[in-house]
Amino acid sequence: MQIESGPLLSILRKSFMNKNNKVLLFNPRSAKWKHRIPNSILQVGASIHENYEVIFVDGNLEEDPWEKIKGYLEGGVKYFGVTVMPGPQLKQAIPISRKVKEMFPDVTVIWGGYFATNQHPVVLKSGYVDYVVSGPGDNTFPQLLDALESNTSVEEIKNLIYLKEGLIHKTRKEELQDQDGLPQLPYKYYDQFYGIDDYLQKTFMGNKTMAYHSSLGCPFTCSFCAVVPIYNARWKGKSAENIYKDVKWLKENYGLDAIEFHDNNFFTSKKRVVEFSKLVLNDNIRWWGEGRIDTIDKYSDEDLQLMKEAGCEMIFFGAETGSDEVLKQMDKGGTQTAAQIKSFAVRMGEVGIIPEYSFVLGMPGESEEKVMAQIDSDIAFIKEIKVLNPNTEIIIYLYSPVPSEGSELFEQITKAGFEFPEKLEDWLNPSWENFDLRKNPLTPWLTAKMINKIKNFEVVLNGYYPTNSDYRIKGLKKTMLRTAARWRYKTGFYHFPYEIKAMHKIWKYRQPEIEGFYGE
């Protein structure tokens with residue numbers, strides 16, 4: 001077929017030209033052991049790999065990712081994209097991005113991810129990050145590269161933040177795309193860099209467990225959630241049919257038998273969940289996802305039973321607190337109440353799906369006495385949940401502020417004296433890493449006594465009720481842990497639980513909220 005001059009020829013020429021400009025997408029290390037497939041850079045790679053030569057580097061699977069990256073840069077990479085979540089990923093993202101700009105100043109450095117968006121002022125003023133993609137990059141990233149290649153303006157590209165004449169400039173937010181219209185992730189192409197099998201883990205759910213995203217965003221505006229500033233209460237998901245097609249393909253090509261749906265809110269659409277459950281019913285695949293109590297409590301008993309039969313093993317829920325007043329302060333939205341949290345735990349127990357409840361302790365209050373009283377109240381509430389459904393998994397976080405400017409909560413924490421670091425390198429301080437993991441608050445309203453009470457209770461709780469997701473803790477190990485923790489849990493004496501800490505350390509007990517489910 002002869003191609004006439006015009007738009008099609010221009011596109012083909014541009015594609016050929018761009019293939020000579022390499023793009024390196026980097027996933028900094030996020031965990032010591034269990035390594036999930038880096039879907040974020042795969043998603044970006046899917047949007048550009050037809051027109052650009054894409055190189056993937058996963059810091060989780062590299063002993064020294066800088067040496068690998070430097071080798072690629074010396075081979076002519078022009079664009080360096082980094083996905084950056086708060087916490088451990090900063091340990092590699094910051095120093096490596098700085099080295100890239102120092103040694104290869106002509107390379108354009110582009111950051112994406114929750115941290116990049118929520119902390120964009122300090123990121124851009126670092127001097128070594130040129131652009132922040134704020135939200136989905138399926139359109140933004142390729143449009144940015146095309147604009148830079150053609151030396152045209154980037155001002156009309158949506159979801160972009162950058163410095164313009166020394167001032168931060170934000171472009172308009174893009175409507176969420178139809179997720180069914182996006183290309184499949186380039187798994188086979190990625191196999192050239194790292195084998196997909198390296199990411200298939202034996203977990204409590206199955207022998208080959210894999211992470212998967214089926215939707216973007218969340219329709220709620222919880223004041224402590226890092227997702228809110230990015231998606232602004234928007235949600236859009238793939239159809240049940242296309243989720244199933246992907247899952248079936250992964251099973252046929254890689255032997256997948258369990259899935260972790262890492263959507264911010266997998267269960268937003270009941271219709272989609274029920275349809276997917278019917279499709280996957282006979283495929284012997286077990287799965288986990290994140291949802292809201294007040295959303296799934298609207299599902300019928302038949303819906304929940306279908307989900308269980310279709311392999312739904314556990315669901316993560318933000319229970320947050322046993323106080324209706326604090327739930328209102330958190331701006332949870334919806335209809336969730338303390339009474340519903342308890343009754344729903346019972347309901348999930350009857351169906352046989354494990355509820356994984358997370359609680360956020362240490363919210364700001366009017367006085368130290370009120371903050372401590374709320375901590376004590378939440379601890380008592382957690383113990384009530386365990387009576388109602390002993391299989392309920394409990395995750396405890398210390399409140400780490402991410403509220404939007406202008407909100408009531410933002411004003412409250414500002415008055416209390418809380419401030420984020422002013423320099424990007426300051427985020428490398430171990431205290432800020434733990435802050436991002438919601439394990440070490442740098443919040444002025446929490447005293448050492450409060451923090452110790454929360455942490456010690458967590459240790460005792462994880463001794464008396466060790467997580468089901470760490471399948472190594474069973475038999476004699478589980479009996480020894482529970483025996484050691486029983487008297488503390490029953491009497492409320494949580495001080496200095498060194499004997500439990502010692503067993504956790506010896507057996508390398510895995511807390512799922514820090515590094516995910518235990519996997520081999």
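Modeller: Let's take helix α16, residues 368-388, in what is a predicted model. With 21 residues at 1.5 Å a residue, α16 should span 30 Å, and its end C-alpha atoms sit 31 Å apart, so the two agree.

Now look at which parts of α16 are tucked away. Its buried residues are V371, M372, I375, D378, I379, F381, I382, K383, I385 and K386. Keep in mind that an α-helix has 3.6 residues a turn, so residues three or four places apart point the same way. As for what those buried residues pack against, the partners are α15 (338-351), β14 (354-361), β15 (393-398), α19 (448-464) and α20 (475-491).

The largest nonpolar core has 136 residues, and W111, W287 and Y357 have the most contacts inside it. Helix α19 gives the most to this core, with eight residues. Apart from it there's another core of 11 residues, including W288, F316, I395 and F517. In soluble globular proteins, nonpolar side chains tend to be buried together.

E320, in strand β13 (residues 312-320), isn't a glycine, yet its phi is positive, near 75 degrees. E320 has a relative accessible area of 4%, so it counts as buried. K508, in the loop between α21 (498-506) and α22 (512-515), isn't a glycine either and has a positive phi of about 50 degrees. K508, though, has 57% relative accessibility, so it counts as exposed.

Conventions. Residues are numbered from 1 along each chain as its sequence is written. This is a predicted model: local features need pLDDT of at least 70, side-chain atom pairs count only at pLDDT 80 or more; totals for chains, interfaces and linings use all residues. Side-chain values use heavy atoms; hydrogens and water are left out. Helices (H or I, at least four residues) and strands (E, at least two) are DSSP runs, numbered from the N terminus. The expected span of a helix is 1.5 Å times one less than its number of residues. Buried means under 20% relative accessible area, exposed over 50%, partly exposed in between (1.4 Å probe, protein chains only). Contact means heavy atoms within 4.5 Å. A nonpolar core is a set of buried Ala, Val, Leu, Ile, Met, Phe, Trp, Tyr and Cys residues joined through side-chain atoms within 4.5 Å.
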